[in-house]
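Biologist: Before we discuss any assignment, could you show me the model, and then tell me what each label rests on?

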Amino acid sequence: MDKLISGIHHVTALAGEPQQNLNFYTGILGLRMVKKTVNFDAPEVYHFYYGDEHGKPGSIMTFFPYEGIQKGRHGKGMLNVTTFSVPSSSLLYWEERLKKFNVDFTPAQDRFDGEAAIYFQDPDGLGLELVFNDSDSRPGFTYGAIPLEHSIKGFYSVEIWQEGYERTAGLLTEVLDHQLIEEKGNRFRFAATNAPGNYIDILCTPDSRRGLGGGGTVHHLAFCTANKKSQMEVREKISEGGYNPTPVLDRQYFESIYFREPGGVLFEVATAGPGFAIDEEQEHLGESLKLPSQYESKRNLIEKAVKPVQLNPTKFK
Ligand code: ZN
């Protein structure tokens, strides 16, 4: 039987000042802004989507930027590190690039075989890494500010901290089609598809404090399912597993269900399509404010409520 879950769809986090967030992800990291819209549950707040050229599942990092948001705290029961994938040969390039833009980072550390990681934070304190590896066959893309051979290919992995890993591991393996593929020390790696972009690392950190939601923390992790039919099937399995998934919600670019995993992280299962080219041309993704039909009549009010932002990634050469 085909798997109902293929891997990671997107990661959504909370940020502060919108322009600062946009400059960091499109400018310094060189991701593409693939959609500028609003939070469908709070339309006075932006929802920014960054990703590869097309915003393919496994590359999509999204933010709700709230100016003046209270900072959260990394800790147990939270997804604390989102890791992007770059080639092994790009280590020096990225160390120099982060230095140039005054982003502090840790020295490269070997993790599992064939991967070295450096850790840094975005301007709101969100935990990020680059993993230097040669196992990622995705092509990468560039706007011109970052040479193609050094560009981010998408996610590599995410890192969730838990008191113990067993309950979340049980959910991943029994309900969400994942397998344990590697472990070392307190790190347990799961994947539905064994390839960069899909690794879920659970770290047992019983001595850490509990995380607190707020600026610089992840709001939820979304897994990818092929279509509405597979989404209904996985929803059924989630319910049978004793969890409480929401009804299917239309997110315009995909359809979603949400539920809380036993360690406290909010999980989503999102459909692979229809994707970001549904309401603007592929060449112009992210350039104008897109609203779902239910908010189009309030466009004037919404445009006044959100602060204008400039997309100028090539300024960050
Ligand atoms: Zn989401």
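Modeller: Let me begin with the term donor, which covers N, O and S atoms within 2.8 Å of the metal (3.2 Å for Na, K and Ca), and since water is not among the atoms, sites may look incomplete. This is a predicted model, in which local features need pLDDT of at least 70 and side-chain atom pairs count only at pLDDT 80 or more, whereas totals for chains, interfaces and linings use all residues. Residues are numbered from 1 along each chain as its sequence is written, and side-chain values use heavy atoms, with hydrogens and water left out.

Biologist: Which protein residues are called donors of the zinc ion, and what makes them so?

Modeller: They are His10 through NE2, His220 through NE2 and Glu268 through OE, lying 2.0 Å from the zinc ion. The cut-off is 2.8 Å, so the label donor applies to these N and O atoms. Along the chain, their spacing reads H-x209-H-x47-E.

Biologist: What does the pair His10 and Glu268 tie together?

Modeller: His10 belongs to strand β1 (residues 7-15) and Glu268 to strand β16 (residues 266-271), so the pair links parts that are 258 residues apart in sequence. Helices (H or I, at least four residues) and strands (E, at least two) are DSSP runs, numbered from the N terminus; on that basis the protein chain has six helices and 16 strands.

Biologist: Are His10 and Glu268 buried or exposed, and how do you know?

Modeller: Buried means under 20% relative accessible area, exposed over 50%, and partly exposed in between, with a 1.4 Å probe and protein chains only. His10 has a relative accessible area of 2% and is therefore buried, and Glu268, at 0%, is buried as well.

Biologist: How are Asn102 and Gln252 classed on that scale?

Modeller: Asn102 has 70% relative accessibility, so it counts as exposed, while Gln252 has 22% and is therefore called partly exposed. Both have a backbone feature to note: phi of Asn102 is near 55 degrees, a positive value in a residue other than glycine, and phi of Gln252 is about 70 degrees, also positive although this residue is not a glycine. Asn102 lies in the loop between α2 (91-100) and β6 (109-110), and Gln252 in the loop between β14 (249-250) and β15 (255-260).

Biologist: What kind of peptide bond joins Gly273 and Pro274?

Modeller: A cis peptide bond, with omega about 5 degrees; Pro274 is found in the loop between β16 and α5 (293-296).

Biologist: What makes β6 and β10 edge strands?

Modeller: Two strands pair if DSSP finds at least two bridges between them. Eight strands form an open sheet in the order β6-β7-β8-β5-β9-β12-β11-β10, with mixed pairing, and β6 and β10 (179-184) are its edges, each pairing on one side only. β6 is joined to strand β7 (residues 116-121) by two bridges, the two running antiparallel, and Gln109 has Ala117 as its bridge partner in β7.

Biologist: How many bridges join β12 to β9 and to β11?

Modeller: Six bridges join β9 to β12, running parallel, and four join β11 to β12, running antiparallel. Leu203 of β12 stands opposite Trp161 and is also the bridge partner of Arg187.

Biologist: Why is β12 described as largely enclosed?

Modeller: Six of the six residues of β12 are buried, so the strand is largely enclosed by the rest of the structure. In a regular strand the side chains alternate between the two faces of the sheet. In β12, Tyr199, Asp201 and Leu203 point one way and Ile200, Ile202 and Cys204 the other, all of them buried.

Biologist: Which residues of α2 are buried, and what do they pack against?

Modeller: Tyr93, Trp94, Glu95, Arg97 and Leu98 are the buried residues of α2, and they pack against α1 (18-28), β5 (78-87), β7 and β8 (127-133).

Biologist: How do you know that the radius of gyration agrees with a compact globule?

Modeller: The radius is taken over C-alpha atoms, and the globule rule is 2.2 Å times the number of residues to the power 0.38. For 317 residues a compact globule would have a radius near 20 Å, and the protein chain has 18 Å, which agrees. Its buried residues make up 59% of the 317.

Conventions. Contact = heavy atoms within 4.5 Å.
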